[in-house]
Each structure stands twice: as C-alpha cells, then as structure tokens.
Amino acid sequence: MSDIADLLLHARWVVPVEPHGTTLEHHTVAVRDGRILALLPQEEARRLYPQVQAVELPHHVLFPGFVNLHVHAAMALMRGIADDLPLMRWLQEAIWPTEGRHVSPAFVRDGTLLAAAEMLRGGITTCNDMYFYPEAAAQAFDEAGMRAVLGTVVLAFPTPYASDADDYLRKGLAVRDQWRGHPRIDFTLAPHAPYTVDDDTLKRVAALAAEIETPIHIHIHETVQEVTDSITQHGVRPLTRLERLGLLGANFIGVHAVHLDETEIALLAHHGCAVAHCPTSNMKLASGAAPAAALRAAGVTVGLGTDGAASNNRMDMFAEMRHASLLAKVTSGDATALPASEVLRMATLEGARALGMAERIGSIEPGKQADLCAVALDTPETRPCFDPVSHLVYVAGREHVSHVWVDGEARLDKGKSLLQTSDKELLRLAAVWQTKLVN
Ligand SMILES: CSC[C@H]1O[C@@H](n2cnc3c(O)ncnc32)[C@H](O)[C@@H]1O
Ligand SMILES: [Zn+2]
C-alpha cells in the first residue's frame, strides 16, 4: 500500500476498539484505496497530507462500522406482521405460512434492499444474513454497497426455494461459486436450527464446512421448548447432539444460545465457538436472556445481532448494544455487567471475529478495510459528553449517525443517503409488498 492517503477523516473522538478501552481525541483516520492507512493526531495528519480530500467531524465520534452478526434481511418486508407471540406460534402460525405464500427472488431482492438501507443508515457496514434465495440477497447487498455474509440455508422441509437438503445445498453452493472473489460478499453454511434439520444433513454440513473452510451459522437453544423437545426426540440437549455430529468448532456461530447450563457454556468455550446474542428478539419473543456475560467470561466470542425485522422490529445495533448491557445488569443484579466499552466491542470486533473476518474489519487499525461510522454528538440530548463510548451505548441512537463508509466509500454523508436506490424507490417497494402481503 502506498503511504499517500486519498481521504482524511478528522474527528473530535476516535474509538478504534482495538486496543480495548482506548478513546483518542482530535485524531485522524487516513484512508488509501479503501483501507485504513493510519490513525494519527490531527495536527500531524494535516501537516503530512495537506492536499488530501478531508471530512471534518468536529463534534463526532468515529468508530468501526457495526457488524450485525445475525439478521434475516428480507424479513424487513414482514416488519410488524405478527407481534406479541412466542417463537413457535410466531413461526408456525404467522411467519412460515406468509413465507410459503410470498417469498420469491423478487421478495428477497426488494426486502434486502430495504434492510440494507436501514442498516447502513444506522452504521451497520457488515451483516451476517440467513435467508432464502441468497443470490437475490447478494445482488441487493452489492447494489447497496454493503458488506454481507450470506447463508447457504438448509431446512428439512420443502419451501418454494428448495425441495430437500440436497437441493438447498446445491443451490446455495452454486451461488457461492458465482460470487467467489467478490470483495464484499462472503458465505456461510446455515442449517436453520437443530429442530428443523436431521442428523444426516447436519453431518454433511459439518464435513462440508471443514472442506470449504466456511463458518456454520445456526439458531440454537432459543427456547425452553427447543431443549425439552430435543431430549424427547434425540435423548440429548441440542448442543450435545451438535457436538456428537461434529458441528462444534472455531467456525461455529450459534445464534441466541439463551438456554445454556454451565456445561454448555464450557463446551462452547472448549470448541472455540462464537455466539450471536440477539437481546431484543429474545425479549420480544419472550425467549429469555442469554448468559452473554458468562459466555464472555468463559472465553466465548459473543457478537450482537438484530435478528429479522419481524421479531425485533428494527435492525438497529444501538438498540442491541443498549439492550445487551441493560439485560446483563438486570439478570445478574450486577451493574458492572457488560459495560459500554464491552458491548461496543461485541457490536464490532467480536462480530468480525465470529465470522473469521477480524483481520479485515471490526476495528480501526492500519491495513483493515475503511468500514466506519460517525455519530454527531452536538445536540442538546447528547450534551454534556464526558465519555463518547458511554454515549454510543446509553445515549445516542441511529438518528445521530451522520456518516458511514464502506471500503472508504461514503454511503451516508451528513445524514444524506448516497445509496443507488432512492428513498422514493424504497418506499414504493415497501408499499407494493405491503399490499401483496395483506391479500
Ligand atoms: C432458512 S431461512 C431463515 C428462517 O428462519 C426463520 N426465523 C426468523 N427468525 C427466527 C428465529 O428467531 N428463530 C428461528 N427461526 C427464525 C425465518 O422466518 C426463516 O424461515
Ligand atoms: Zn434468526
């Protein structure tokens, strides 16, 4: 990489996330060819690079873009369609029938465009998606200029997308082949959950993931019923079954992981697994509270996810950070549980680590992609500000996001969307699908 910057971001505060607990004042992030070239004091940057295009962020905190470790992006089109139900009633009575009637490549493309716009505006630069028709999702994320990791989904039952395990895997792997080498699109293997995928298929997923060196993205231990049903049907709890089938390893991302005993926390740590903690979805579906602080204490990588807009109903990492911290405090009775600096790390670098992408994204370090977010702290409700990290978690919301960059390219500038798809077009798409879904 040349040492001449092509973009300078001069910020009041920079929170690089690594080293942990650092907040720099009046620093500059220098960008070259979409990557972070240097993080240095502003005076020095202005002297070293006098002619370079610069963005002034005088009241802003600049930090790495969020990594949303679990989302079903296209479900943006089902936001609010089935509220106030527990997981299995929500899935069986509302969501799966609606998906069966409406999900198509067009649905996924349009829903993912809507979701990508929402996520980027809220400072999310990478997401780990799990949904049908990943080829349509890949097109939408590419069009939006967002970094995305797409699941090769597998279910034991047929859907309009695929007929059986072979079909799901064949279709997902073909899409992966088509997008191989794309700088912003990556793939996981995504068996939906232990209760929707049989043993033979799970074994195949484990072998395939090892062969093609891909993360495994799966919902686990979300509800008490999931655990008790597994004991009835398989004689063991889901995680024991997954361990026996060879799924647990450093490439394993277990989503939710709400109902875990101490042995299971140790098991996840032993295998180097990661967890996608989705506090808002878990609260809304009354699934419970995942032991996020205990998992972290045991050495498990814990990132944060929004889940889909039909169970949250936002894709908002500010809300996830705040809920993660507050939920950890209320469930432990310990106000020191999951402080602001830790949840910010979970929302950025830990998510990147779970995806095996910590060498590329998740912190502001030279050589990493310039995926960045700036939050303006110059409004009455954000003043005074003694600690910008505390403000990111306990005060600010996505309405305070002013700038977002992916690979050093602006996607949001002073609050204005620079996306290829206009807001007018996004609103039109949402209206078209709203009409279809109610008929
Ligand atoms: C195979 S595509 C993903 C599949 O998962 C469903 N889903 C959405 N949120 C959840 C959740 O919290 N737990 C389990 N399953 C969920 C989604 O509707 C798709 O059918
Ligand atoms: Zn989910």
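Here is a short chat about a predicted model, covering an annotated site and a helix pair.

Visitor: Is His72 buried or exposed?
Guide: His72 is found in the loop between β5 (66-71) and α2 (87-102). A residue counts as buried if 20 or more other C-beta atoms lie within 10 Å of its own. His72 has 29 of them within 10 Å, so it is buried.

Visitor: And which residues is Asp307 in contact with, leaving aside neighbours within four places in sequence?
Guide: Asp307 sits in the loop between β12 (301-304) and α12 (317-332). With 28 C-beta neighbours inside 10 Å, Asp307 is buried too. Its contacts are His70, Val71, His72, Cys278, Ser281 and Asn312.

Visitor: How are α3 and α15 oriented to each other?
Guide: Helix α3 (residues 105-121) and helix α15 (residues 423-438) pack with their axes 10 Å apart, at an angle of about 135 degrees. Over 145 degrees would count as roughly antiparallel, and 65 to 115 as roughly perpendicular. The two helices are therefore oblique.

Visitor: How many nonpolar residues are in the contact of α3 with α15?
Guide: On the α3 side you've got Phe107, Asp110, Leu113, Leu114 and Ala117, and on the α15 side Leu426, Leu429, Ala430 and Trp433. By class, there are no polar residues and one charged, and the nonpolar count is eight.

Technical notes
Residues numbered from 1 in each chain as written. Chains lettered and ligands numbered in written order. Predicted model: local features only at pLDDT ≥ 70, side-chain atom pairs only at ≥ 80, totals over all residues. Helix = DSSP H or I, 4+ residues; strand = E, 2+ residues; numbered from the N terminus. Buried ≥ 20, exposed ≤ 12 C-beta atoms within 10 Å, placed from the backbone. Contact = placed C-beta atoms within 7 Å. Axes fitted to C-alpha atoms, helices over the stretch in contact; angles between N-to-C directions. Parallel < 35°, antiparallel > 145°, perpendicular 65-115°, else oblique. Nonpolar A, V, L, I, M, F, W, Y, C, P; charged D, E, K, R; others polar.
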